Structure formats: C-alpha cells, structure tokens
Amino acid sequence: MNKKSFFLAATAAVLSAGMALAEPVKVGMITTLSGGGAGLGIDVRDGFMLAVKQSGNPDIEVVVEDDQRKPDIAVQLADRMIQSDKVDILTGIIWSNLAMAVVPSVTAQGKFYLSPNAGPSALAGKGCHPNYFNVAWQNDNLHEAAGAYANTAGYKNTFILAPNYPAGQDALAGFKRFYEGDLAGEVYTKLGQKDYASEIAQIRASGADSVFFFLPGGMGISFLKQYADSGVDLPVVGPAFSFDQGILQAVGAAALGVKNTSQWNKDIDNPANKAFVEAFQAEYGRLPSLYASQGYDTANLILSAMAKADVKDQDAFRAALEAAEFESVRGDFKFGPNHHPIQDIYVREVLQEGDVFTNKILGVALEDHADAYAGECKM
C-alpha cells in the first residue's frame with residue numbers, strides 16, 4: 001500500500017470509529033397535550049416532528065410527554081427524562097409558569113433547554129443561562145409591538161387585561177413599555193378563567209377608546225365571543241396568541257378585522273416558509289399556526305447544530321446553536337447575547353378566506369427587535 005492509500009484508509013478508519021462512537025441526540029419534549037391549551041402543545045409537537053421527519057436524520061430521537069399544564073407534573077417529567085431516559089436536550093413547554101419551574105432545574109443538571117414558546121422575562125435577564133435558548137420570543141415582544149401599533153392607530157385611552165401569571169405580567173409590561181397613551185383600566189384575570197362578564201362591564205364603564213388583551217388558548221376564545229355578544233364596540237388589538245390559526249376557527253366572525261402582532265404568518269414570502277406551510281397542510285390537513293412554526297424552527301435549529309457539533313461537546317454544540325445556521329420560516333433569524341431572538345414583528349389582520357378564518361400581514365410593527373432584558377444577562 002502506498003502512502004496516499006494508507007493515509008486515506010487511516011482517515012476512513014478514524015471517521016468510521018468516530019461515527020461509531022457518536023450517539024444519537026435524544027430530545028425530551030414536555031408539552032401540553034390535554035385539557036386547556038392542548039391545541040398549542042399539539043401544534044408545537046406537530047411542527048417539530050414534521051421537521052424531524054423531513055430531515056431523514058436517524059440520529060435524532062424524540063420522547064414526547066404531556067405536562068397537563070401542571071408545573072409539578074412538568075418537573076417530574078423533566079427529572080425522569082434526564083435521569084432515566086438520558087435526554088440531551090429538552091423542549092416543548094408552552095406556559096411560562098411551567099417554564100419557570102422546569103428550565104432552571106434542567107440547566108442546573110447540565111442539559112440544554114430550547115424553548116419553542118414560553119419566554120419569561122426572568123429567564124431572559126438575570127436568570128439567563130448558557131444552555132437556555134428561546135427560539136420563539138421573549139414574552140414581552142409581541143405585546144411591545146401591539147403597544148407600538150396602538151400609537152400609530154391613534155388610540156389614546158386603552159383598557160388592558162391579561163391573566164395573572166408570568167406571561168400575563170410580561171404582556172402588560174411590554175404593552176406599556178411602547179404605548180404612549182393613557183390607560184382606561186388595567187386588570188389581571190385568573191389563569192384559565194372562562195367568564196368575563198365583570199371585565200367587560202368594567203371596559204364598558206371605563207371610557208376606553210380601545211382594548212388590548214392577552215388571553216391565550218381557550219381564555220381568548222371565551223373572551224372574544226362574550227365581548228362580541230356584549231355590544232361593546234371598541235377596537236381590539238392583541239398579540240397573535242388569541243388570534244392564531246388554531247384558535248380563529250373556534251372564535252369565528254367575532255375576530256374579523258382585529259389587528260394582532262406576530263413574528264410569523266403563513267404569508268411571509270420566503271422559500272422556507274412557503275415549503276413549510278405546504279408540507280404542514282399535506283401532513284396534517286390543516287393550516288399551521290404560530291406555535292407550529294415555532295416547533296418547526298426549534299427542530300431545524302437542533303438539526304443545524306447536530307450537523308456541526310456533537311451534543312456531548314457542550315461548548316461546540318452551544319456555539320453551533322448560537323450561530324443559528326438554519327433556514328427559518330421567519331426569514332432572517334439571529335440570537336441576541338441572552339440567547340433570545342432578534343427579529344421583525346408584524347401587524348396582522350384577521351380575515352376570512354372561503355370558510356377559513358386566518359390572518360394577513362399588514363406591515364412591520366417593530367424591525368430587528370430585541371428584548372428589554374438582555375442587558376441584565378451576565379453570561
């Protein structure tokens with residue numbers, strides 16, 4: 001054997017040995033698959049699994065569990081996945097109170113956590129961690145964009161309300177950070193509340209010229225239907241969470257014309273998004289939601305990092321995640337210094353296409369927008 005042949009053979013042997021030693025990346029997905037808010041978790045899961053299926057990568061394994069929207073269940077599942085299932089990465093949580101219970105424990109045990117949704121301020125600022133990434137947004141972001149839109153719409157006396165939990169508190173803080181008018185009222189509701197007669201009566205009596213609310217999942221469906229039936233005729237603005245694809249069919253005509261803010265929509269004009277919308281419809285028989293897009297991007301971020309580094313080499317894998325070299329359905333995507341996205345946030349309007357209620361983009365509310373807490377992060 002000549003020197004060149006020997007070198008090639010030796011190199012092949014080393015590569016083969018390396019490939020044999022490399023273990024599959026094991027992802028633990030803990031999300032809400034039953035009860036209130038199940039549609040959100042189902043969409044995150046379906047978007048994530050679509051990307052995994054499209055990749056054809058045999059070296060990624062996903063374990064999926066239902067947190068039942070209960071923090072104690074989510075913590076138990078995370079501990080079991082880390083200690084028994086030996087997962088490398090965790091993801092999937094929808095609700096910020098669950099994220100606050102799970103993420104610090106996961107990162108303390110030396111694992112990566114990639115959030116496809118919940119982005120509480122406490123984890124973006126002083127509670128940031130090198131192994132924690134948010135692939136969706138920081139909780140305040142879409143609400144900040146709603147506040148900016150309220151200014152351009154000429155609203156001067158807005159009534160604002162949200163549920164009393166971390167994401168709700170971040171929502172109202174975010175809206176107020178950019179809104180320049182007065183507040184006709186500020187109300188925190190109960191998480192999971194279904195009857196909004198009292199809040200609607202307060203809106204009616206407040207002298208407001210507009211309403212901003214953050215009520216995700218079934219809470220938003222209940223509020224919008226009751227609001228439409230109440231006869232109160234004030235313009236409504238909100239984040240995408242109450243006007244997203246999976247919710248609009250349940251809300252129906254009550255949502256028509258409502259302006260809402262989002263970092264994604266099905267009509268964002270780039271090849272990755274067009275392919276995603278088409279593939280999701282073909283796979284699941286429905287239009288994708290914001291949550292599905294976030295699950296899809298989260299999986300593709302993981303896959304892009306796997307192509308560059310071994311998850312067991314945490315420094316290299318972390319650097320690969322930070323580089324975010326994947327085709328996001330949002331178009332341009334990058335992380336800030338606290339591992340939260342810097343991205344455009346759009347204003348959308350609810351309309352009807354045939355029998356389907358959906359959204360169209362009207363314009364950009366905030367361009368290349370970062371969160372307000374990155375300066376507090378000392379990674």
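Domain bounds, as used here, come from an automatic or database domain assignment. In this predicted model, domain 1 (3-137 + 267-335) and domain 2 (141-262 + 345-376) both give residues to the lining of the largest cavity, so this cavity lies between them. The structure holds two cavities of 30 Å³ or more, and about 120 Å³ of space lies in the largest cavity. Of the 15 residues that line the largest cavity, Ile 94, Asn 117, Trp 137, Tyr 165 and Phe 214 are the closest to its centre; by class, the lining has eleven nonpolar, four polar and no charged residues.

The second largest cavity has about 30 Å³ of space, and its lining has one nonpolar, four polar and three charged residues, among them Asp 244, Lys 266 and Arg 348.

## The second largest pocket

About 170 Å³ of space lies in the second largest pocket. Leu 234, Pro 235, Val 236, Leu 256 and Val 258 are the closest to the centre of this pocket among its 14 lining residues. Helix α9 (residues 218-230) gives the largest share of the lining, three residues, and by class the lining has twelve nonpolar, one polar and one charged residues.

## Helix α6

The twelve residues of helix α6 (residues 141-152) should span 16 Å at 1.5 Å a residue, which agrees with the 17 Å between its end C-alpha atoms. Helix α6 is mostly covered, with ten of its twelve residues buried, including Asn 141, His 143, Glu 144 and Tyr 149. These buried residues pack against α7 (166-178) and against strands including β8 (210-213), β9 (236-239) and β10 (259-262). Just after α6, Gly 154 takes a positive phi of about 85°.

Notes: Residues numbered from 1 in each chain as written. Predicted model: local features only at pLDDT ≥ 70, side-chain atom pairs only at ≥ 80, totals over all residues. Heavy atoms only, no water. 1 Å grid on protein atoms, 1.4 Å probe; cavity = no way out; pocket = protein on both sides within 12 Å on 5 of 7 lines; lining within 4 Å. Points joined across faces, edges and corners; volume = space filled by probe spheres on them. Helix = DSSP H or I, 4+ residues; strand = E, 2+ residues; numbered from the N terminus. Nonpolar A, V, L, I, M, F, W, Y, C, P; charged D, E, K, R; others polar. Expected span 1.5 Å × (residues − 1). Buried < 20%, exposed > 50% of the residue type's maximum accessible area, 1.4 Å probe, protein only. Contact = heavy atoms within 4.5 Å.
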